[in-house]
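Subject: Structure handover

Dear colleague,

Here is the structure for you to look through. My notes on what was found follow below.

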Amino acid sequence: MNVDPTGTSRAALRVLQVGAIACVLGALPYTVFDLDRHAVPKELVLHATAFGGAALLLARARRVSVSLADLLIAASLAVSTLSALFATNHWLAFRALGVSLSAVLVFWCARSLAQAGLGRQLINALALGVVLTAGIALLQAYGVESSLMAERRAPGGLFGNRNFVAHFVALGLPVLILAALEARHRLGIGLAWFGTMVVGAALLLSRSRAAWLGAGLALAIFAAEGLWRGGLWRDRSRRLRVIGLGVAALIGVVLARVLPNRLEWRSDSPYLDSLVGIADYKEGSGHGRLVQYENTLKMALDHPILGVGPGNWPVAYPKYTFPGDPAFDPNDFIPTNPWPSSDWVAFLAERGAFAPLLLLLAGVVLGVGAWRRWRLSSDQTEGIESLAAVLTLLILLVVSTLDAVLLLPAPSFYAAAIVGALVRSPRRAVREVGLEDVRRRRLVNGVLGVGGLLVLRSLSQIVAMAVFSGASSPAGLEWAGRIDPGSYRIQVLLGYAWRNRGQCDRARPHAEAARRLMPNLAAPGRLLGECGGTGRRRGR
């Protein structure tokens, strides 16, 4: 977008900077809601930031340049939207589609800010968010307690899961390298070194093999392509900065290894075990992933064109599981995670073959373009930024293949913002679209309308969590169900609450609502089986 670099774009920059920090800090203390209490506040920030920033930039844009990557991304979104229309659970579909749409808007906003010369300021805010995330995870590992943190998946910090933290901070490693190489003052260099130390410690304590693998591959590419072929090692100033980064990371890893922490690992050598088992697929989480992938690919083969709908993997998965599946607990009323352990397996099953293929092609186009710019100007700022973009895309590919990343709001925000701020637009656009007053006004109104719906949806979920957690009787809990009728968890728990009071006439509507939301899960059927049409609980 061609916008005023001194006015509107600076306002949009502030929106994205504030949103970047607020996104990583968003969390709620309502433990009943497990991962949602960490994800939903971050989704709220993502939507408000993406649509607010886009509306600001569009309000003054004179034209829009459309690249091949833009067309591929837009086509992927269009297929995902069509898939959502045919989903079984439209509440989940709207939520998952909203995360993807907001991430794309963040990407376009970040790229517009970079064109206006404000990309580095955005990158600095993103680097701060990465270090904050790692620092909070470390605080939890060393004994700081908070109701906003999830104890069972420590050190998950404000993300609720140690793997989510690890993937997120691994994505930030290229940004810290860039900050150290391009800092203009000693303070900036020192902060980049300190951030690298914190991130190194958090990565070790996370025991996330996907994050270790992604970070390791990216550092190997940086050493071979940046330091050796690109000549960064021959520049004395940059050589010293790189050495400082390595020393800082090593200090962080050593301190994390030797200082006693509060993490309760079952093994006497947990970090070595994770390293040795990085490619183990015969047992543990590696075996569980393969079983889950196999079942999910069967789902994808049954729905090859549009999938089962964005966010609808947990709706359909019970039809494809079998006894002993590590990813499915039949005794739990929510027997699976909300997402499978791979973005691409999820996209394939939920959105069909075309949506992920188009998105992958967009990533290839962006990565190849960044690689070429690095090769043409490796000793310049633009070249180093392009190399950082390539490293970010590489880490993103690795971690998103092995776990949920782009399905989640915070890493989607940061991945989109980092790549958007670092990848330059092609010199020749596929198409230039002029924005006269009427068209611009309609675009802004459309953006605000869709963004308002997504923000309202996230707010309703947060309010429902608060009401449910604060209620002391089933009658009080009913308000939560009215505020968020799309919450399977609330509907089932309301049904249990009324059943336990012997009022099956009040329990049955909630069990039926839960069955409509998740028709393949056993809990609503069991609840209905315990209650007859007379409104009384049946004997067991």
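Which residues does Ser83 touch, not counting residues up to four places away in sequence? They are Leu306, Gly309, Pro310, Glu350 and Arg351, where contact means heavy atoms within 4.5 Å. Ser83 lies in helix H3 (residues 68–85); helices (H or I, at least four residues) are DSSP runs, numbered from the N terminus. With a relative accessible area of 1%, Ser83 is buried. Buried means under 20% relative accessible area, exposed over 50%, and partly exposed in between (1.4 Å probe, protein chains only).

Before the rest, some notes on the source. This is a predicted model, in which local features need pLDDT of at least 70 and side-chain atom pairs count only at pLDDT 80 or more, while totals for chains, interfaces and linings use all residues. Residues are numbered from 1 along each chain as its sequence is written, and side-chain values use heavy atoms, with hydrogens and water left out.

Helix H20

Helix H20 covers residues 504–517, which is 14 residues. From its first C-alpha to its last it reaches 20 Å, close to the 20 Å expected at 1.5 Å a residue; the expected span is 1.5 Å times one less than the number of residues. The buried residues of H20 are Cys504, Ala507, His510, Ala511, Ala513, Ala514 and Leu517. Their cover includes helices H4 (90–115), H12 (313–316), H18 (474–483), H19 (488–500) and H21 (522–530).

Cysteines

The structure holds one disulfide, that is, a pair of cysteine sulfur atoms within 2.5 Å. It joins Cys504 to Cys531, with 2.0 Å from S to S. The link of Cys504 and Cys531 is left-handed, at -60° about the S-S bond. Cys504 lies in helix H20 and Cys531 in the segment after H21, so the pair ties together parts that are 27 residues apart in sequence. Cys504 is buried, at a relative accessible area of 1%, and Cys531 is buried at 2%.

Cys109 is in no disulfide. Cys23 is buried, with a relative accessible area of 0%, and Cys109 is buried with 1%.

Aromatic rings

There are nine aromatic pairs in the structure. Rings of Phe, Tyr and Trp (its six-membered ring) pair if their centres lie within 6.5 Å; planes under 30 degrees apart count as stacked, over 60 as edge-to-face and the rest as tilted. One of the pairs is Phe333 and Tyr496, which is edge-to-face, with 6.1 Å centre to centre and 85° between the planes. This pair links distant parts of the chain: Phe333 is in the loop between H12 and helix H13 (343–351), Tyr496 is in helix H19, and they are 163 residues apart. Both Phe333 and Tyr496 are buried.

The ring centres of Phe413 and Tyr414 are 5.7 Å apart and their planes are at 45°, so this pair is tilted. Phe413 counts as buried at 0% relative accessibility, and Tyr414 at 1%. Phe159, Phe168, Phe413 and Tyr414 form one aromatic cluster.

The charged end of Lys42 sits over the ring of Phe159, 4.8 Å from its centre. A charge sits over a ring if NZ of Lys or CZ of Arg is within 6 Å of the ring centre and within 35 degrees of the ring normal. Arg506 lies over the face of Trp498, 4.1 Å from the ring centre.

Regards

Conventions. Helices (H or I, at least four residues) and strands (E, at least two) are DSSP runs, numbered from the N terminus.
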